[in-house]
Amino acid sequence: MSTTKRFLAMLLLGASAYGVPSPSTLIANIPGRTTLSLNGAWRVIVDPFDNGKGGFFRDQKARSKSDLVEYSFDASPVLNVPGDWNTQREELMFYEGPVWYRREFSHRKQPGKREFVYFGAVNYQAVVYLNGEKLGEHEGGFTAFNFEATSALKDGENVLIVEVNNLRRADGVPALKFDWWNYGGITSDVSLVELPGTFVQDYLVQLERGSTHQVSGWVRFNGPVPHHEVTIQIPEAKIEYKTLTDADGYAKFGFDASVLACGKRPASQCTAPLKLWSPENPKLYRVIVSGEGDSVADKIGFRTIEVQGMNILLNGKPIFLRGISMHEEAPFRGGRAFSQEDAQTLLGWVKELGCNFVRFAHYPHNENEIRLADRMGLLVWSEIPVYWEVDWLNPATLANADAQLRDMIARDHNRAAVILWSVANETPVKPERLTFLTQLAQDARELDSTRLITSAMNHVDNTAPDVRTLNDPLGDVLDVLGLNEYLGWYGGRPEDADRMQWKSALSKPLIVSEFGGGAPFGRHGEADERWTEEYQENIYAHQLPMLERIPNLAGMSPWVLMDFRSPLRMLPGVQDYHNRKGVISDQGQRKMAFYTLQKFYKKMADAGK
Ligand code: GCU
């Protein structure tokens, strides 16, 4: 059913008529595949008037001295990939528009193999050409995508050209206004992936909700051979399970790990075959999915996450999420973070704060961060950039948001660290928004029944003097409520928190997903002097005890780990195009509030929370 028809059905008949989103075309677990990295220096042409649309993808060269060709990649400067263009060339810091990228590479084609070009992320729109042939186009700045290149690829020299355009769009996701820098470019890894004729496209291997030994999931193959055997192996736990795919190369499965691991041994001799993943013990198992000539190995943790009343349960036990929010901004150099080193530095600071949880705001972050969180034992809130206002009544906008949701889930649904999918941040309470987000929440459940669905909300009623109640109808379709509140910064004084009582209309677990205030590192003064570290620290000092009084508080992720670039923050000498609400500066300097929060989390951890 076309997106427009699905959308009209949804408007007229409600979310259930919208149907199930089509499966992602993303190839899972690229780190576990045979790949040729295409990272490095790419030639680029900055094309503000999109003049290249007519022919740049052909990479024409003057063939004779009288030939007229008015562009040349060979003579053009380079930009590093991965990397945003804004922080690589000063004159591009504020640039929004088309940029053409070219990468030449040589490749020996292998008989019977298929090749795909894979992009970790390109902001915002990408049109991809190989040897002059269009492979495909993608919209959305933070989710991975791949296109088959088998027929366009040559044995020998190849030319890959990508038109990238980060122009903001009113019907985009996000739309025209957001509080982070609109870094443009090929901002994550690019690789050529070589695969067998029929290959393991994607798989889900997780514990069923509420069970510590029932493993379930599915495997999807891509290729001409239906009805073949699939094997799931977890060697360390002595688990091997076999099943058959259907006519479409899809196999759903479920098995009891205890039974499989025990084999003929008496049950008494083999308890808990799978050690559960947790922040204290982020145990990852080597899991091999194979069939029909392809085999892919991954590192997967097994844990359960669920809601019980007002508690979030990890592996069946209540857990308090000691967190922090963070942007995918590179420490020290600025720009979009992408590397292992960036992830190590940022998540190292998260751990140093005493956190067991991190909110990746407001869009899917790179795979290096997610996989490091898996290894480090950090629980993750992952979000799609339905931020503030989007074009709620536009079917294309919904399809775009849905595709970003689907691809976010497809890339990370085997990561034990990820426990929450967030469908939006700070969106206005109105019917068309509720319909839009209800659809996304429903689709998220369809795509992944093992995790919790949430959203950061800020619609609050002043139900009595000093009483504020989170009251948003969106809460009905969520498992966990997210509350953004800025008492003491965007309203009131920090001390007002001492009297304030927060409530929520729904008795579901609540995460205070944002609170905080801004101060450039090193700016000192009275605690009531805005923009000083003392003022920021004063907010934390009064907020933390206030939050502890919230009956259904299950976690928090103050805003924000590190100062980050934003076009909305222009106060000279203070903000200088940076949001200064970090508890750490963009140069890694810890502010007073960092230590207040660290002390609070230590107290909680010592108390077993
Ligand atoms: C908002 C928003 C953030 C923003 C923050 C702020 O709540 O969710 O993206 O940066 O507040 O105002 O600093």
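This is a predicted model: local features need pLDDT of at least 70, side-chain atom pairs count only at pLDDT 80 or more; totals for chains, interfaces and linings use all residues.
A polar contact here is a pair of N or O atoms within 3.5 Å; within protein, one must be able to donate a hydrogen and the other to accept it, and residues adjacent in sequence count only if both atoms are side-chain atoms. Residues are numbered from 1 along each chain as its sequence is written, and side-chain values use heavy atoms, without hydrogens and water.

Let's start at the ligand. A polar side-chain atom of Asn425 lies 2.9 Å from one of the ligand's oxygen atoms, and for Tyr490 that distance is 2.5 Å. The side chain of Trp559 has an N or O atom 3.2 Å from a ligand oxygen. Of the 310 Å² of accessible area that the ligand has on its own, the protein covers 97% (Shrake-Rupley method, 1.4 Å probe).

Now turn to helix H5, residues 395-412 (helices are DSSP runs of H or I, at least four residues). At its start, a side-chain oxygen of Asn394 comes within 2.8 Å of the backbone nitrogen of Ala396. Of the 18 residues of H5, 15 are buried, so the helix is largely enclosed by the rest of the structure; buried means under 20% relative accessible area (1.4 Å probe, protein chains only).

Stepping back, 60% of the 609 residues of the protein chain count as buried. Its C-alpha atoms fill a box of roughly 75 × 75 × 50 Å along the principal axes.

Conventions: Helices (H or I, at least four residues) and strands (E, at least two) are DSSP runs, numbered from the N terminus. The expected span of a helix is 1.5 Å times one less than its number of residues. Buried means under 20% relative accessible area, exposed over 50%, partly exposed in between (1.4 Å probe, protein chains only).
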